[in-house]
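The following account leads through one structure, with attention to annotated positions and their surroundings. Please keep the sequence and the coordinates at hand while reading.

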Amino acid sequence: MRQAFWVLVLACVFVTVDLQRPQQLKDYWMDLGQRKLREKLNTKPNTNVAKNVIIFIGDGLGVSTVTAARIHKGQLQGKTGEEGSLFFENFPYVGLSKTYNTDRMVSDSAGTATAILCGVKTKFGLIGVDDRTSFGNCTSEEGASVDSILKWANAEGKSTGIITTTRITHATPASGFAHSASRYWEADADLPADARGTCTDIAKQMIEGDGSFIKVILGGGRRQFYHRNESDPEYPNVKGKRTDRNLINQWLQAKADMNMRAEYVWNSTGFNSVEPADVDFLMGLFEPSHMQYEGERNHDMEPSLAEMTEKAIKILKKNAKGFVLLVEGGRIDHGHHASLARHAVTDTIAMEAAVKKAAELTSANDTLTVVTADHSHVFNIGGYAGRGIPILGVNDAESDKNGVPYTVLSYGNGPGYTAPREDPTTVNTSSWNYVYQSAVLTASETHGGEEVPVYAQGPMSHLFDFVYEQSYIAHVMAYAACVGPNKDHCKMAPPTPTTSGGSSLEFSVTKALVVTKMAVAVMVAVIL
């Protein structure tokens, strides 16, 4: 028995070595390439009508952020990290969108979100209006409004929802319902004197304008809806921003007048008590301003992005005609602006969890899911680091010309510039508050101007597999769902359901060899 025991131990060690470095075997790469080729050859376009559309916007989720988050996720699981993938990276179709604004090479979130959701490119800082509008000029809004896919969907009887980890009146979510010459006009107190009485602030447009039909509203930004004489329920020393009235009370009263069941919640306790079957409308505002980073989130006070996504889908899917849901992982962007890379990649992983939850609650046969970004950041992965080196750590392959080590991650500009440059081996670079170094000193790190990825699965997702203007995204989503300007898709006969949208299980030759070795080891142990 002792001999059998040691044979089994040695066999397990042998297998463990293979599991750690399967890439050493040519069979691994040959099998991987052939398997992926077969998967792609067997992928057939899904031309069904999209009953539902879910658009995930990772604010600032450029390619380098996706890569860093993928590696970090794998390393948290005890792996080297590079070989893994985020859930949405397994979607069958990937394209690239051009993110420039009509007046800027490098964009902001207002102009890009307007492009994604309304199908029209516009200037830097504008929300839901076209290029004829001048930034900050209230009267120039007249006649320039453009509607979003949420309004198109509502016109066809579908339900709609908006979820974000930023203020609900911030640039990306606001582009789903508001029309404004300035992204900064979130509350009435933010309007310049010459705009008051003529233009409407973004929060008020959510309650009285094109946002009034939205069934689910979840995010931050309570202060934009509270009167300036009212204290925040969580932070008594924080006051509201409004000069007119409490818009949350107005929203609740308006729904009651319509005999609709509406609930407002401001913490996890209230959120968790909401039963989807018992509400028609749900508003949850969980911070006076933006919600917390995922790495700092108080679970008793704020739900996760995945939890908000789950609740929203369960409410919206009660509509037999389907729904359109916007979900923003907004604080990825804020992590980058502060050069806090750990927060940026952690919030990316939190958004991935929300995408996965949405996939569990829907079917790729009738739900088009799109994951993209509004813009990128000047965020880099460089320096020839070895496999498995902590992505949040120091490059092991080389130092700068002065012999000072540098981190695997860095920024082209941002608050992390110092002269002379600090030796990162003297500090904890994996700290939540570590500010990653940059080449140029700026108060806030900036966006990047390169194309961003678009991952898609479900009906008409094959229409995303090339390089296109960002405004094209709205047109495909609307076409797939038979809403908006082009409803030709509705006239087609329903096709046979396909299985093209979704990730497949991987079982390679290398894994098969491992299982075989384990079986042989057990058999030898039993015989001896």
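**Annotated sites and their surroundings**

D333 is found in helix α11, residues 331-337; helices (H or I, at least four residues) and strands (E, at least two) are DSSP runs numbered from the N terminus. The model is predicted, so local features need pLDDT of at least 70 and side-chain atom pairs count only at pLDDT 80 or more, while totals for chains, interfaces and linings use all residues. Residues are numbered from 1 along each chain as its sequence is written, and side-chain values use heavy atoms, with hydrogens and water left out.

With a relative accessible area of 4%, D333 is buried; the term stands for under 20% relative accessible area, exposed for over 50%, and partly exposed for what lies in between, with a 1.4 Å probe and protein chains only. Apart from its neighbours within four places in sequence, D333 is in contact with D59, G60, H375, H377 and H447, where contact means heavy atoms within 4.5 Å. In an unreviewed entry, UniProt places the feature "binding site" at D59, D333, H337, D374, H375 and H447. UniProt positions are given here in the numbering of this model, feature names are shortened, and annotations may be inferred rather than shown by experiment.

The unreviewed UniProt entry also places the feature "binding site" at D59, H170, T172 and E328. Although these positions are spread over 270 residues of sequence, they cluster in space, the largest C-alpha distance being 11.3 Å.

D59 is named in both of these annotations. The residue sits in the loop between β1 (52-58) and α3 (63-76), and D59 counts as buried because its relative accessibility is 1%. Neighbours within four places in sequence aside, the contacts of D59 are S109, T172, E328, G329, G330, I332, D333, D374 and H375.

T172 belongs to helix α6 (residues 171-174). Its relative accessibility is 0%, and therefore T172 counts as buried. Once residues up to four places away in sequence are set aside, T172 touches I57, D59, S109, A113, L117, L326, E328 and D374.

D374 occupies the loop between β8 (367-373) and β9 (376-377), and at 0% relative accessibility D374 is likewise classed as buried. Its contacts, leaving out neighbours within four places in sequence, include D59, S109, T172 and Q470. The side chain of D374 also makes a polar contact of 2.9 Å with the side chain of S109. A polar contact is a pair of N or O atoms within 3.5 Å; within protein, one must be able to donate a hydrogen and the other to accept it, and residues adjacent in sequence count only if both atoms are side-chain atoms.

Another loop, between α4 (109-118) and α5 (149-155), holds D130. D130 counts as buried at 14% relative accessibility, and its side chain is joined to that of R132 by a polar contact of 2.7 Å. With residues up to four places away in sequence not counted, D130 touches V120, T122, A144 and V146.

An α-helix has 3.6 residues a turn, so residues three or four places apart point the same way.
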